[in-house]
Amino acid sequence: MPRPFDVSRRDILKTALGAMFLAPLLRHREVEAQTVVPRRLVLIFTPDSHPPEWWPTGSGSTFQLQEPLADFRGLEKDMLFLRRLDHAWTFDNHHEAGMAQLFTGARFVDESSHHANGPSLDQILLKNSDLRGGTPLASIHLCVADRGGADKRHIISYSGPGQPMTHTADPARAFGTIFNGVNFGGDAPTSPTTTPDAVAAAKRAADERILQINTGELKTLQRFLGEAERQKLELHVEALFELQQRIKGMGGSTSAPVGGACERVDTSGYGSSTNNATTITRWAQIQADLIVNAFTCDRTRVADYHFSFSGGHHEGLLGFGQSWHDVVAHVSRTNDSVTVGGQSMTTREAFMKFDHFWASHVAYLAKKLAGIREGSGTMLDNTILLWGVESGTNHNHSPRDMQYLVIGGKNLGVNVGQYINNTTAQSSNKLLTSVMNALGHAASGIGIEPSCGPLPGFLA
């Protein structure tokens with residue numbers, strides 16, 4: 001027969017005191033979640049496909065990079081090549097169909113805009129995972145050698161059907177948006193326009209609950225507990241106050257620890273020419289630095305990094321007076337002679353030179369991330385760079401043999417350091433699905449293939 005005032009463990013856990021038992025564990029989990037190294041995603045586009053030499057030689061983990069990707073040497077262990085990925089559908093010359101489905105897997109939303117009929121994987125992740133964390137900006141969208149238009153050939157990220165995420169071309173303008181309110185070591189902070197930090201608000205609320213503990217009531221309740229339960233209560237209350245002190249010791253910040261220093265980005269030297277290699281190189285460096293510092297300052301964890309546009313011509317770039325798209329990319333299977341920068345070469349050699357130029361800027365970003373220590377590795381280990389183009393190998397106006405490259409993500413389970421040359425074609429939507437899975441969203445598919453599943457070989 002139960003004694004008067006005999007309270008079971010289950011009954012206690014149903015009361016406010018039960019919340020006291022659980023609070024330290026729950027709060028501890030909150031603190032742990034906030035100190036997990038962030039996961040990140042960067043979507044990247046460069047124009048006019050790649051020549052066949054973009055693919056490495058060899059196979060498996062013994063591949064060797066060729067000339068177009070020469071600037072990636074030293075990062076082989078961070079790269080995953082997946083060959084024979086096909087787009088699910090095509091239209092006309094694939095310039096527009098390729099862009100629409102590159103990161104959405106979707107068809108056109110209509111026959112006039114040719115925008116994608118669905119969100120891209122970056123925006124899907126922001127809605128269906130904890131990828132954003134407590135960062136003030138959901139995502140940033142920067143472009144180089146482009147004006148930042150919303151035309152179908154200039155967009156790779158969509159928030160929804162027919163909802164393009166446009167790019168910021170001017171680095172100074174991008175800086176003002178990304179770092180609004182940030183104090184860089186003595187600078188007077190500007191007035192923030194972002195909403196209050198939800199994580200910080202939750203911390204304050206938790207601290208207020210802790211301060212409301214009435215020790216007298218606890219002592220009264222302890223009389224109704226057995227020795228074992230009383231000791232547990234004392235340990236939990238002690239742990240609760242210890243957590244409060246640890247939280248206070250964080251200096252008011254509850255954001256996850258990130259690698260690198262939060263520094264002001266030098267945006268000087270920017271020029272908007274789309275045909276001058278020197279100007280474009282400086283432009284790309286600034287935009288990449290903005291992305292890296294947006295990560296080190298934990299302003300966002302998602303970026304879209306876009307070069308030129310689908311079918312970009314760039315007459316005059318690298319000393320070639322004609323259209324790279326028309327005269328080089330489309331005829332690079334031949335050994336026709338062209339003159340680039342006063343030097344005679346074949347169209348195939350010219351295409352490799354053109355492709356190397358764009359790839360060098362992607363390599364700059366990857367190497368910056370690889371050089372920052374974070375957690376058990378580098379910032380690149382915790383970030384997936386997903387690079388794609390709008391057409392199949394050698395600019396063949398085909399949805400076949402699309403050239404996607406995954407860089408980074410080792411700590412997210414990505415099977416980096418591999419060249420997987422599939423014997424049978426696979427849907428590129430499987431790759432997009434795999435990236436979402438690695439970044440916390442258990443998707444079964446994307447776009448017009450909602451059940452395609454992940455791509456074999458993507459995970460280590």
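These are my notebook entries on a predicted model of one protein chain.

**Ground rules.** I number residues from 1 along each chain as its sequence is written. The model is predicted, and local features need pLDDT of at least 70, side-chain atom pairs count only at pLDDT 80 or more, totals for chains, interfaces and linings use all residues, and side-chain values use heavy atoms, with hydrogens and water left out.

**Entry 1: the whole chain.** I looked up the secondary structure and found twelve helices and 13 strands. Helices (H or I, at least four residues) and strands (E, at least two) are DSSP runs, numbered from the N terminus. The chain has 460 residues, and 52% of them count as buried. Buried means under 20% relative accessible area, exposed over 50%, and partly exposed in between (1.4 Å probe, protein chains only). I also looked up contacts, meaning heavy atoms within 4.5 Å. Of the contacts with a separation of 6 or more, 71% are between residues 24 or more positions apart. The accessible surface is about 19,400 Å², and carbon and sulfur atoms hold 51% of it. The area comes from the Shrake-Rupley method with a 1.4 Å probe; for residues, only the protein chains shown count as cover.

**Entry 2: nonpolar cores.** A nonpolar core is a set of buried Ala, Val, Leu, Ile, Met, Phe, Trp, Tyr and Cys residues joined through side-chain atoms within 4.5 Å. The largest one has 66 residues, and F72, F81, F179, Y305, L365 and W387 touch the most other members. Helix α11 (residues 347-370) gives this core its largest share, eleven residues. Apart from this core I found another, of 34 residues, including L43, L80, M99 and L126. I then looked up F179 by itself. Beyond its neighbours within four places in sequence, F179 is in contact with F184, V265, L290, N293, A294, C297 and R299.

**Entry 3: F354.** This residue lies in helix α11. Is F354 buried or exposed? F354 is buried, with a relative accessible area of 1%. Not counting residues up to four places away in sequence, F354 touches P47, D48, L317, L318 and W324. F354 and D48 are 306 residues apart in sequence, yet their C-alpha atoms are 9.6 Å apart in space.

**Entry 4: two helices.** I checked how helix α4 (residues 121-128) packs on helix α12 (residues 428-438): the angle is about 30° and the axes are 10 Å apart. Axes are lines fitted to C-alpha atoms, for helices over the stretch in contact, and angles run from 0 to 180 degrees between N-to-C directions. Which residues meet there? L121, I124 and L125 of α4 meet L432, V435 and M436 of α12.

**Entry 5: loops.** R132 lies in the loop between α4 and β3 (140-144). R132 is partly exposed, at 31% relative accessible area. The C-alpha atoms of R132 and V302 are 7.5 Å apart, although 170 residues separate the two along the chain. H395 lies in the loop between β11 (383-388) and β12 (405-408), and H397 is also placed in the loop between β11 and β12. Neither is a glycine, but phi is positive in H395, about 50°, and in H397, about 55°. H395 is buried, at 1% relative accessible area, whereas H397 is partly exposed, at 30%.
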